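Q: I am new to this structure and would like to be guided through it. Could we look at it together, one topic at a time?

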Amino acid sequence: MPNEAMSGAGQSLTEQQTIDTKKGERVPDPCIVVIFGASGDLTKRKLLPALFHLEQQNLLPEDFAVVGVARRDLSATFAPDMQDGILKGGGVDAGDSALKPFVDRIKYFATEFDNDEGFERLKAFLADLDKQNGTKGNRLFYLAVAPEFFADIAQRLEKHGMTKATEPGQWINVIIEKPFGTDLASAKTLNAELNKVLSENQIFRIDHYLAKETVQNILVFRFGNGIFEPVWNRNFIDHVEITAAESIGIEGRGPFYEKAGALRDVLQNHVMEVLSFVAMEPPDSFASDAVRTEKLKVWKAIEPIPVEDTARGQYAAGTVDGQKVIGYRQEDRVSQESTTETYAAMKIQIANWRWAGVPFYIRAGKRLAERVTEVTVVFKQPPLHLFKGNDSNTTVSPNVLKIRIQPDEGITLMFGAKIPGPTTNVKPVEMHFSYADAFGKSSANGYERLLLDAMLGDGTLFAEREGVETTWALMTPVLEAWANNPPKDFPNYDAGSWGPGCSDDLLAKDGRKWFKL
Ligand code: BG6
């Protein structure tokens with residue numbers, strides 16, 4: 001990372017501010033953030049609170065404005081509504097002296113996304129704001145819209161002269177929300193359409209997992225410490241598991257989820273991003289290109305995934321957190337014969353020097369027993385089992401490193417210890433680091449870092465063209481094989497369980513079991 005003071009968890013606002021403003025290198029140029037799809041939940045719940053957190057840390061330029069763009073006319077209610085979102089976002093109270101001046105800089109503009117006249121007026125509106133606020137024509141466009149509008153909006157921005165700098169030093173960057181395509185062909189088409197009107201370094205494809213402190217910390221853990229990297233390879237690691245388990249269901253998003261499913265929704269993007277951080281080689285520096293190059297090398301080294309190395313499932317009714325919940329097929333606007341998977345797992349093999357022979361088992365699912373995202377690194381057994389048979393579990397447990405991404409963010413190392421007493425019995429015990437204990441709770445929601453980086457033109461924590469296409473190239477054959485062979489046993493796991501039996505079989509074939517989280 002270019003800045004060692006990662007935003008959010010880890011530092012109180014005042015400490016963070018002192019570090020960053022002293023260095024004076026992380027404040028973007030004057031600019032306008034223009035959010036398309038601003039009437040959606042994301043703007044109120046995440047983006048505006050995140051921008052305000054940046055303001056509190058003096059990380060926004062003085063000359064700054066936010067413009068929400070959506071179809072409905074919300075001019076009278078938009079700014080107060082955003083203020084409400086900022087207050088609910090945490091870390092601020094109604095009396096905060098920075099709040100009113102910030103809210104005064106929140107504007108709203110209504111237009112259809114396919115209306116040329118509307119875009120022409122938007123251009124004039126932004127130019128006017130430039131004059132009033134000294135924002136110098138710099139823009140961060142944020143496309144928080146349904147994916148079918150990504151290319152249209154970008155093309156219309158170009159058509160109306162809003163994508164190219166008109167003066168030296170001016171910048172125009174565009175953030176694209178997920179999902180970025182639904183398979184390899186659609187991702188390629190989207191990339192091609194965007195690249196017609198924007199250069200690659202103007203495009204910031206967001207993956208909110210990269211905004212998580214704990215995901216960023218994987219790199220610090222590996223490359224900012226001397227003792228872990230020497231054992232981070234096939235000589236010492238037996239296998240790696242990456243789990244993104246959710247206890248929530250599809251939250252009323254039936255039409256979206258029916259077309260997506262767990263593989264497209266979480267595995268192809270969030271989990272593959274985490275995998276690349278766990279598996280990549282040390283980059284030459286934390287410059288964007290260096291990090292992205294190493295991530296890409298990992299994805300390119302992954303062997304084609306045979307369908308036998310995958311498992312899928314769909315939840316039936318069950319009990320989650322003591323509450324009875326309905327099955328997927330009973331959810332609103334979901335087909336009663338739906339074959340969409342709400343759980344996906346697979347074995348990934350990385351054919352490179354470091355990882356040959358070390359499987360990465362990855363899984364993601366809805367309505368599972370708990371919400372937990374974790375990387376579990378299981379180490380090889382010692383060469384000689386001196387204590388075999390004496391362990392309280394009858395075999396010596398391997399060392400396991402658990403990187404808990406959420407919740408209860410932290411890192412735990414498990415190792416065997418002698419149980420006190422006259423005999424030599426070994427029991428697995430834990431050494432634990434907790435983010436909250438070490439650094440306190442943070443109100444940051446992760447988007448702070450990504451918005452700031454996009455304003456600064458730093459793409460390190462964003463997906464790039466080739467990376468997105470490479471992960472889709474890996475996943476598309478699995479999706480096709482699944483589509484050609486519709487599941488006959490859905491629903492095949494109860495809500496509130498740990499997923500379908502076929503997912504356990506995937507590891508059992510290799511003589512392994514998912515680590516109990
Ligand atoms: C989103 C998916 O990208 O990630 C959702 O569309 C999922 O279905 C969410 O619930 C998970 O994100 P987090 O940050 O809650 O783990």
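This is a predicted model: local features need pLDDT of at least 70, side-chain atom pairs count only at pLDDT 80 or more; totals for chains, interfaces and linings use all residues.

Q: Is N233 buried or exposed?
A: N233 is buried, because its relative accessible area is 14% and buried means under 20%. Apart from neighbours within four places in sequence, N233 is in contact with R354 and W355.

Q: Let us step back. How many helices and strands does the protein chain have?
A: The protein chain contains 14 helices and 18 strands.

Q: What is the radius of gyration of the protein chain?
A: The protein chain has a radius of gyration of 24 Å, which agrees with the value near 24 Å that a compact globule of 517 residues would have. Along the principal axes, the C-alpha atoms fill a box of roughly 80 × 55 × 45 Å.

Q: What share of the residues is buried?
A: Of the 517 residues in the protein chain, 53% are buried. The chain exposes about 22,300 Å², and carbon and sulfur atoms supply 52% of that area.

Q: Now the ligand. Which residues surround the ligand?
A: The surrounding residues are K178, H208, Y209, K212, E246, R253, D265, H270, K366, R371 and Q406. By type, this shell divides into 7 charged, 3 polar and 1 nonpolar.

Q: Which side chains have a polar atom at a stated distance from an oxygen atom of the ligand?
A: H208 has a polar side-chain atom 2.8 Å from a ligand oxygen, and for D265 the corresponding distance is 2.5 Å. An N or O atom in the side chain of Q406 is 2.6 Å from an oxygen atom of the ligand. The ligand taken alone exposes 400 Å², of which the protein buries 80%.

Q: K178 was in that list. What is the distance between the C-alpha atoms of K178 and L143?
A: The C-alpha atoms of L143 and K178 are separated by 9.6 Å, and the two residues are 35 residues apart along the chain. L143 itself is in strand β4, residues 139–143.

Q: Is L143 buried or exposed?
A: L143 is buried, with a relative accessible area of 0%. Not counting residues up to four places away in sequence, L143 touches F36, F150, I153, V174, I175, I176 and E177.

Q: F150 and I153 came up there. Which helix has them among its buried residues?
A: They belong to helix α6 (residues 150–159), whose buried residues are F150, A151, I153, A154, R156 and L157. These buried residues pack against β1 (31–36), α5 (116–133), β4, β5 (172–176) and α7 (184–197). After α6 comes G161, with a positive phi near 65°.

Q: Back to strand β4. What can be said of L140?
A: L140 is also found in strand β4, and it is buried, with a relative accessible area of 0%. Leaving aside neighbours within four places in sequence, the contacts of L140 include I32, V33, V34, L451, A454 and M455. L140 and V66 lie 9.4 Å apart, C-alpha to C-alpha, although 74 residues separate them in sequence.

Q: Where are L451, A454 and M455 located, and are they buried or exposed?
A: All three are among the buried residues of α12. Helix α12 (residues 447–456) is largely enclosed by the rest of the structure, because 9 of its 10 residues are buried. Just after α12, G457 takes a positive phi of about 75°.

Methods: Residues are numbered from 1 along each chain as its sequence is written. Side-chain values use heavy atoms; hydrogens and water are left out. A residue is near a molecule or strand if one of its heavy atoms lies within 4 Å of it. A polar contact is a pair of N or O atoms within 3.5 Å; within protein, one must be able to donate a hydrogen and the other to accept it, and residues adjacent in sequence count only if both atoms are side-chain atoms. Accessible areas come from the Shrake-Rupley method with a 1.4 Å probe; for residues, only the protein chains shown count as cover. Ala, Val, Leu, Ile, Met, Phe, Trp, Tyr, Cys and Pro count as nonpolar, Asp, Glu, Lys and Arg as charged, and the others, Gly among them, as polar. Helices (H or I, at least four residues) and strands (E, at least two) are DSSP runs, numbered from the N terminus. The radius of gyration is taken over C-alpha atoms; the globule rule is 2.2 Å times the number of residues to the power 0.38. Buried means under 20% relative accessible area, exposed over 50%, partly exposed in between (1.4 Å probe, protein chains only). Contact means heavy atoms within 4.5 Å.
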